[in-house]
Amino acid sequence: MNQLSPTEIASYESEGYLVPDYRLPRERVASLRKALDRVIESNPDTRPEQLVSAHLEQSAGEGVRGDNEFLELAMDPELVNMVSQVIGPDVILWGCQIFCKPGGDGMEVPWHQDGHYWPIRPLATCTAWIAIDDSLADNGCLRVIPASHRQEKLHAHLKEDRNDVVLNQRVDAAAFNEAQAIDIELEAGQLSLHDVYLVHGSNPNLSIRRRAGIAIRYMPGSSHFNREIAGPSAEVSYTIDFSQRPLWLLRGEDQTGLNDLQVGHKPPGTSRS
Ligand SMILES: O=C(O)CCC(=O)C(=O)O
C-alpha cells in the first residue's frame, strides 16, 4: 500500500497541494480512457469538462450517465489511503467530476476555491485529480496558487457572463497574486491532491492534444454534507444537485452522526428514474 512520506504530508499541509510519488498502472489508465470514451458517448449534449458525478451509472438528478469504473477508482484503497493521510482516518466519498478538455477548444476553468461551491460544514475536502491524459502547460493543466489555502478563508467570487468557461464565477483578482501560479504537470496515471481552500484553475486547451482528468472529492467524517445548502453551485451553467448525491463512508466513522449515507444509493435490483 502506498504511503505518503512525512515530507509529502508536510508539503500538502504547507502548500495546499501535492503530487504524490505514485502512479496508476498503464493498463488501468488505458481502461479509464475507454470508460471516459463511453461516458462521452453516452452524454452527447454535455460539455466534456462538465461531466459531474461521472461515478454514477444512473444520474441522481444531475443528468449525466457515468460509469462504474470511476466509482471503483474513487474507492481504490491506494487512493483512499493517501487521502486519509491528509484528512484523517474517517473518509467519505461525496463527489467526482471529469474535466475533459478537447484539443483546440478545451474550456478555461477560472480561478476559484472549491469551498465556495460546496455544502460541507465545517468546510473540508481533499480532491484527488487523476490525469487520464498527459496534462501539461500547453494543453491546459491544473494550475494552483501555492499556500493560498493557509488562512482557511473563502474569498469573494465574481460572476462572469461568458459561456466559454467551465465555471461562471472567478475569485476576485485582488485576493491573490496570479504571478505565483504553478503548473501541475502530470503524465497520464499521475495525480495531484489539493485542499478545499486552495485557489486553482486552468487555461483553455488550445493545443491539438486532449487533456482529460478526473477529480474525486473526499471529506473527513468530522464534516457534515448539508443537503439543505445549495449556495453558489445553483448558479453554475450546468446542473449540480447535492440533494440526491450518494455518500460513501470508505473508512472509519461518520463522526458527526449527521451524514445521510442512504440518500441517492440505488436499492439493489432497481434503477433510478
Ligand atoms: O481540471 C481542471 O482544469 C480544473 C479542476 C478543478 O477545478 C477541480 O478539480 O476542482
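Which strands each supply at least two residues of the shell around the ligand? In this predicted model, they are strand E3 (91-101), strand E4 (109-113), strand E12 (199-202) and strand E13 (211-220).

**View 1. The shell around the ligand.** The ligand is surrounded by 13 residues, and His 112, Trp 129, His 200, Ser 202 and Arg 211 are the closest of them. E13 provides the largest share of this shell, with 3 residues. By residue class, the shell comprises 5 nonpolar, 4 polar and 4 charged residues.

View 2. Arg 211 places a polar side-chain atom 2.8 Å from a ligand oxygen atom. For His 200, an N or O atom of the side chain is 2.9 Å from an oxygen atom of the ligand. Arg 217 has a polar side-chain atom at 3.1 Å from a ligand oxygen atom.

View 3. The ligand takes up the space of the second largest cavity.

**View 4. The open sheet containing E4 and E12.** Four strands form an open sheet in the order E4-E12-E7-E10, and their pairing is antiparallel. E4 and strand E10 (182-183) are the edge strands, each pairing on one side only. Both E4 and E12 also contribute at least two residues each to the ligand shell.

**View 5. Pairing of E7 with E12.** Strand E7 (residues 142-144) and E12 run antiparallel and are joined by 3 bridges. Val 144 stands opposite His 200 of E12, and His 200 is also among the closest residues to the ligand.

Technical notes
Residues are numbered from 1 along each chain as its sequence is written. This is a predicted model: local features need pLDDT of at least 70, side-chain atom pairs count only at pLDDT 80 or more; totals for chains, interfaces and linings use all residues. Side-chain values use heavy atoms; hydrogens and water are left out. A residue is near a molecule or strand if one of its heavy atoms lies within 4 Å of it. A polar contact is a pair of N or O atoms within 3.5 Å; within protein, one must be able to donate a hydrogen and the other to accept it, and residues adjacent in sequence count only if both atoms are side-chain atoms. On a 1 Å grid over the protein atoms alone, a cavity is a set of points where a 1.4 Å probe fits but cannot get out, and a pocket is an open set with protein on both sides within 12 Å along at least five of seven lines; lining residues have an atom within 4 Å of a point. A molecule sits in a cavity or pocket if more than half of its atoms lie within 2 Å of its grid points. Ala, Val, Leu, Ile, Met, Phe, Trp, Tyr, Cys and Pro count as nonpolar, Asp, Glu, Lys and Arg as charged, and the others, Gly among them, as polar. Two strands pair if DSSP finds at least two bridges between them.
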